[in-house]
Amino acid sequence: MGSFAGSTLPPDDIVVSALRAGDEAMFAALLDTWSRGMLRVARTYVSTDDSAEEVVQDTWLAVIGAIDGFEGRSSVKTWVYRILVNTAKKRSVRESRTLPWSALELDAGPTVDPSRFHGTDAALPGSWKESPAVWPTPESQALAAEVRGLIGEALAGLPPRQRIVITLRDVEGCTSEEVCEILEISAANQRVLLHRARAVVRGRLEDYFESVKQAE
Amino acid sequence: MKRFTCGELVEVITAYLDDALDQPSRAGIEVHLSCCEDCGHYVDQFRSTIRALGDQPPEKLSHGTRERLMSAFRSRRPA
Ligand SMILES: [Zn+2]
């Protein structure tokens, strides 16, 4: 589940003064709570697991060096994640793997194939021609593992901006406010990217459940 | 209250789930969902997708990196 969901970290002012005082247990707690999500986010920018790990390491080193100057204008988590995103961006430039963060991605148009809805000449224009399927709950371990793998693939294939937003929101459990602050995007922009990304992943699951049904 | 076709409803589910819609739109979605089983299924698929996304395998820093960072933190300890 999301790395922050079950987090029992104390309020920011306590975290910051503990770090400044050299409290190792506090640093270890942050390291273990946030690094999981940070690795996943770093991987959306760089090409290998090793690079992702280095990005996370460099981020924490920067945090260690800058904690005395932290001004509290954002939450500690947002601050750390912003350092992470900047570090990862620099690294991806060095790897000549610059993500087209600002390039045009297909952010417009319907997320569900319009041919799945009745046209204007129908009795109920815009209604489903065929009802979306009721999906099985992946109860068996094997099915759950397959779904997990499928989602990993679907995430990896997303356009970069969609991938990072859905990773922060749905995989890591950040709030929309946190995502907007970390990526410096508007709430509306964040929602469009998230919705498109979710729709793509949903489509992959739909294909999968359809193929499982046909195989039965 | 705003009226939605099924084709329109599927595009605002994320906004609906984030409670980011204005009141007339929100009411319109709720009325639509109360009588459209098809969209109900689609929203269920969307929720299942979100739930499944939160179930990715955990990541972990390597032991070596964690140790390096702990010692970097230790060495900054104020004198
Ligand atoms: Zn409907």
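**The interface between chain B and chain A**

In the predicted model, the contact between the two chains draws on 41 residues from chain B and 57 residues from chain A. The size of an interface is often expressed as the accessible area that is lost when the parts come together. For chain B and chain A the buried area amounts to about 4500 Å², with carbon and sulfur atoms contributing 59%. On the chain B side, Leu53(B), Glu59(B) and Phe73(B) together provide 16% of the area that this chain buries against chain A, more than any other three residues.

Polar interactions also cross the interface, where 25 residue pairs are found in polar contact, both partners being at pLDDT 80 or more, and where seven salt bridges are found. In one of these salt bridges, the side chain of Arg66(B) meets that of Asp32(A) at 2.8 Å, N to O. The side of chain B that touches chain A receives at least two residues from each of α1 (6-9), α2 (13-17), α4 (37-53) and α5 (63-76) of chain B, and its largest share, eleven residues, comes from α4(B). By residue class, this side of chain B comprises 19 nonpolar, eleven polar and eleven charged residues.

On chain A, His195(A) is located in helix α8, which spans residues 187-215, and, because its relative accessibility is 6%, His195(A) is classed as buried. The side chain of His195(A) forms a polar contact of 2.8 Å with the side chain of Thr14(B). Apart from neighbours within four places in sequence, the contacts of His195(A) are Thr111(A) and, from chain B, Val10(B), Glu11(B), Ile13(B), Thr14(B) and Phe46(B).

Terms used: Residues are numbered from 1 along each chain as its sequence is written. Chains are lettered from A and ligands numbered from 1 in the order in which they are written. This is a predicted model: local features need pLDDT of at least 70, side-chain atom pairs count only at pLDDT 80 or more; totals for chains, interfaces and linings use all residues. Side-chain values use heavy atoms; hydrogens and water are left out. Contact means heavy atoms within 4.5 Å. Buried area is the accessible area (1.4 Å probe) that two parts lose on being put together, summed over both. A salt bridge is a side-chain nitrogen of Lys or Arg within 4 Å of a carboxyl oxygen of Asp or Glu. A polar contact is a pair of N or O atoms within 3.5 Å; within protein, one must be able to donate a hydrogen and the other to accept it, and residues adjacent in sequence count only if both atoms are side-chain atoms. Helices (H or I, at least four residues) and strands (E, at least two) are DSSP runs, numbered from the N terminus. Ala, Val, Leu, Ile, Met, Phe, Trp, Tyr, Cys and Pro count as nonpolar, Asp, Glu, Lys and Arg as charged, and the others, Gly among them, as polar. Buried means under 20% relative accessible area, exposed over 50%, partly exposed in between (1.4 Å probe, protein chains only).
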